[in-house]
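Please open the structure in your viewer and keep the selection panel at hand. The stops below say what to select next and what is there.

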Amino acid sequence: QLQLVESGGGLVQPGGSLRLSCVASGSIFNIFGMEWYRQAPGKERELVGSIDGDDNIKFADSVKGRFTIARDFPKNTVFLQMNSLKFEDTAVYYCHQGSVWGQGTQVTVSS
């Protein structure tokens with residue numbers, strides 16, 4: 001059974017950076033892609049970015065040029081590198097594959 005565990009969230013000032021990690025276990029992780037979502041208070045969950053099985057990467061317009069995604073196959077881990085963070089990036093961030101969601105990690109951008 002697939003399990004996803006996120007980490008790396010925290011409090012950061014505007015303009016700062018964070019790197020989120022999503023560790024997968026018990027799945028065919030190496031074949032399929034991974035998605036990162038976020039959900040801000042009072043808002044719907046939205047897709048932030050994705051990486052597919054061929055390492056094609058896409059981002060929402062709101063984070064293009066600021067966020068990147070990388071994968072570490074031996075460690076079954078996908079990273080979301082977030083740079084130039086803005087107040088509006090504050091949200092709980094989730095990784096997702098198939099029908100499985102991680103528990104989420106809180107990112108708060110505040111001065």
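Begin by selecting Cys22 and Cys95, whose link is right-handed, with 70° about the S-S bond. Their sulfur atoms lie 2.1 Å apart, and the count comes to one disulfide (a pair of cysteine sulfur atoms within 2.5 Å). Cys22 sits in strand 3 (residues 18–25) and Cys95 in strand 9, so the pair ties together parts that are 73 residues apart in sequence; strands here are DSSP runs of E with at least two residues, numbered from the N terminus. Cys95 counts as buried because its relative accessibility is 0%, where buried means under 20% relative accessible area, with a 1.4 Å probe and protein chains only.

This is a predicted model, in which local features need pLDDT of at least 70 and side-chain atom pairs count only at pLDDT 80 or more, while totals for chains, interfaces and linings use all residues. Residues are numbered from 1 along each chain as its sequence is written, and side-chain values use heavy atoms, with hydrogens and water left out.

Next, select strand 9 (residues 91–97), which is mostly covered, with seven of its seven residues buried.

Then show strand 11 (residues 105–109), antiparallel to strand 9 over three bridges, where Thr105 stands opposite Tyr93.

Finish at strand 10 (residues 100–101), which forms a hairpin with strand 9, with two residues between them, and look in the turn for Gly98, whose phi is positive at about 65°. Gln97 has Val100 of strand 10 as its bridge partner.

Key. Buried < 20%, exposed > 50% of the residue type's maximum accessible area, 1.4 Å probe, protein only. Helix = DSSP H or I, 4+ residues; strand = E, 2+ residues; numbered from the N terminus. Pairing = 2+ DSSP bridges.
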